[in-house]
Amino acid sequence: MGFLSSLLGIFGFGIGIPLGLLVGFFLFIYSKPKEVEDPVSRPLYELDELSLQDLLPEIPLWVKNPNYHSVDWLNKFISDLWPYLDKEIGGMIRSVAQPIFSEYIGKFQIESIEFEKINLGTLPPIFYGLQVYETNEKELILEPSIKWAGNPNIILVVKVLSVPIAVQLVDLQVFLAPRIALKPLVPAFPCFANIVVSLMEKPHVDFGMKILGGDIMSIPGLYHFVQETIKKQVASLYLWPQTLEIPVLDISTVAVKKPVGILHVNVVRATKLLRKDILGSSDPYVKLSLTGDGLPAKKTSIKMKNLNPEWNEKFKLIVKDPKAQVLQLQVYDWDKVGGHDRIGMQLVPLKQLTPHEMKEFKLDLLKDTNITDSHSKKQRGQLVVELTFVPFKEDTSKYSGKFSGPIEAYRRHESEIDMSMSSDEGTLGGSGVLSVMIQGAEDVEGKCHNNPYALLLFRGEKKKTHMLRKTRDPRWNEEFQFMLDEPPLDQKVHIEVLSKRTGISFRLKESLGHVEINLRDVVHNGRINQKYHLINSKNGMIHVEISWKMI
C-alpha cells in the first residue's frame, strides 16, 4: 500500500507540472488585458474619516499641540550635514567606548574588543516638533520630539580565546523626548555656558543584533528583557531630575559674579606720613575700594594737621572673587581749594587672607604701582590695617554628583533644587547682604515719553538704573547690594519705573508704575525671582530677583 501511494504521488506530480504550465501559457496568450482607468482626483474635504486616516501619515506635534513649532529648516540642515556628522559621531563613539572596553580586557577570557565598522546609515534623525519655554531664570529651555528610524551598520568584534566573534547592530529605532536647557545665558558667544540635557520620559529603543549571522533578538523573551534593561539604565542616568551637563564656556570668566562674602576692613592708623602742606603738615584721609566691583570708594574721616593719625574706623566691602580681587588703599591730603593730593597708596590681594581669620598689615606707602619708578622708593609713611574675610554661609541644600563615564568634561547630576531655609525665627538672625537685581520691565508706557529707568528705595537709600530711550520693554540687568546687620524680615523694597524727558517736553518726569516687595519671603527662602504687576500701570510688569545671604 505504501509503495502504491508513492507511485501515485510521483505520477500526479509528473502530470501536474506540465498541465499547469500549459494552462498558464494559454491564459497568458489569449486573455485580454483590462483597461487601466485614470485615478479619480478628489479634494480632501470630500473624503470620509477612515479614508483620511489611511491616506495621511501620523499627525505631527506642531499640528496637534500649538505650543510645538515646526522645524523643517532644522531637519533640512541636519540632513545636509548628516554625512559629516556620521563620521564625527562615529569617532566620538570610538573614543568614549575605548576606556570602557579596556576594563573588560583580561576578564572572561576576553582578549580584545574593538569596533570593526561604525556607520550610522543614510537616514538622519527627524525633529517632529520643538517647544520653547520662557522662564524667569537666565536660561532657554527647549523640548524637541526626536524620532530616528535609521539604517546603521555597526560591527563590534570581540576576541575570546583567540576566536573573533562579530556582533552587528542593525535597524536601530530611537524615540526621545529630551529637555535641553541652555544656561546660564551670558554676554559672550554662543551666549550660554552649559548645555543641560535630561529625558522627560523613558526612551523607546528598538534594534536588531546579529551574532554569527543570526538575529539573537528573535529569541523568545530576550527582546523584552533587553528593552526593559535599556530603558531602566538610561532612565537611571538621564531621566529627570537626573541631567547630563555639557560645559561650553568657563562660567567663571563670562558670568556676572555674585557676592560670596564680606571683607571687614579696620583702618587703624598711619605713621610718618609725607608732608604735603606748605606749613609742613598734612590733612590725611584714606580711600578704600575693591577692584572689579564698580562701586564708589569708601572714605575715612579727615585728620587735620596730623602726620601720625589714628582712625580705628571699620568698613565692610562686598567680595565677589576673593582669588582675583585686590583691596586698594589710597591716602590723600585734604585741601580746601583744588584737588586733593595723594600721599601714597598700597594694594592687598585678597588671596593672602584666610577666611574668618583677622590679619594685620603694615603697608609702606608707594607713589603708584610702578615699583621701578625711582620716586616710589621715597619714604611716604606707613599705613596699618586689619583685614578679615568672612564668606557667606554655604547652601547645603544643593547636591550634585559627577558623571561616571569616561568623559570628565561631561558630568551628570541631579537638578539643583533650592530648598527653603528653616522658618524658625531663631535661625534667621545675623548680618548679611541683600542683593536686588532689576532685570527689566514689560509693557510700560508713558503719556508723554517712553525713556524708562527704575528707581529703588530701601531704608532711605536710593539706587537707580540707567535710562533706556524709546522703549516699552527695557532690559537693565543691574544689581544693587545692601549690607545689613540683621535680616529685613518686616521691611519692604519700593521700586518705581520712571520715564525721563530727553528733548523738549512739558513734563520732566513721569511715573510708569511702582511695586512694593515684602522681604520676609526672601529671608525665609534665601531667594525669589519673579515678575510683578506694576501699580498704576495698565499692563506693565517688572522682573526682579532678590536674594539674602547670611554671614
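**Salt bridges, sheet pairing and backbone geometry**

R527 is partly exposed, with a relative accessible area of 28%. In this predicted model, the residue forms a salt bridge with E545, and the closest N and O atoms are 3.0 Å apart. R527 belongs to strand β27 (residues 527-533) and E545 to strand β28 (residues 541-550), so the pair ties together parts that are 18 residues apart in sequence. E545 is buried, at 13% relative accessible area.

A search of the whole structure returns 13 salt bridges. One of these joins E479 to K258, with 3.9 Å between the closest N and O atoms. E479 sits in strand β24 (residues 475-484), while K258 sits in the loop between α6 (251-254) and β12; the pair therefore ties together parts that are 221 residues apart in sequence. K258 counts as partly exposed at 32% relative accessibility. The side chains of D80 and K76 also meet in a salt bridge, at 3.5 Å from N to O. Both residues lie in helix α4, 4 residues apart, so about one helical turn separates them. D80 is partly exposed, with a relative accessibility of 44%. K76 is exposed, with a value of 53%. Elsewhere, a network of salt bridges links E134, E442, R475 and K531.

Helix α4 (residues 72-102) also contains D86. This residue is buried but has no salt bridge. The nearest side chain of opposite charge is that of K87, 7.9 Å away. Leaving aside residues up to four places away in sequence, D86 touches N119, L120 and G121.

At the level of the whole chain, there are 7 helices and 28 strands. Of the 551 residues, 37% count as buried. Contacts between residues at least 6 apart in sequence were also examined: 66% of them join residues at least 24 apart. The chain exposes about 34200 Å², and carbon and sulfur atoms supply 58% of that area.

An open sheet is formed by 4 strands in the order β15-β12-β19-β18, with antiparallel pairing. Strands β15 (310-319) and β18 (359-364) stand at the edges; each has a single partner strand, so one side of each is left without a neighbour in the sheet. From one strand to the next, the twist averages 25 degrees. Within the sheet, β12 (residues 261-271) and β19 (residues 382-391) pair in the antiparallel sense over 10 bridges. N266 stands opposite E386 in β19.

Backbone geometry was examined next. Most residues other than glycine have a negative phi, and most peptide bonds are trans. The peptide bond from K183 to P184 is cis, with omega near -15 degrees. P184 lies in strand β7 (residues 178-185). The bond from F189 to P190 is cis too, with omega near 5 degrees. P190 is placed in the loop between β7 and β8 (192-199).

L161 has a positive phi, near 55 degrees, and is not a glycine. The residue lies in the loop between β5 (153-160) and β6 (163-176). L161 is exposed, with a relative accessible area of 56%. K272 has a positive phi of about 50 degrees, although it is not a glycine. Its position is in the loop between β12 and β13 (284-290). K272 is exposed, at 68% relative accessible area.

Terms used
Residues are numbered from 1 along each chain as its sequence is written. This is a predicted model: local features need pLDDT of at least 70, side-chain atom pairs count only at pLDDT 80 or more; totals for chains, interfaces and linings use all residues. Side-chain values use heavy atoms; hydrogens and water are left out. Two strands pair if DSSP finds at least two bridges between them. Helices (H or I, at least four residues) and strands (E, at least two) are DSSP runs, numbered from the N terminus. Axes are lines fitted to C-alpha atoms, for helices over the stretch in contact, and angles run from 0 to 180 degrees between N-to-C directions. Buried means under 20% relative accessible area, exposed over 50%, partly exposed in between (1.4 Å probe, protein chains only). Lys and Arg count as positive and Asp and Glu as negative; His and the chain ends are not counted. A salt bridge is a side-chain nitrogen of Lys or Arg within 4 Å of a carboxyl oxygen of Asp or Glu. Contact means heavy atoms within 4.5 Å. Accessible areas come from the Shrake-Rupley method with a 1.4 Å probe; for residues, only the protein chains shown count as cover.
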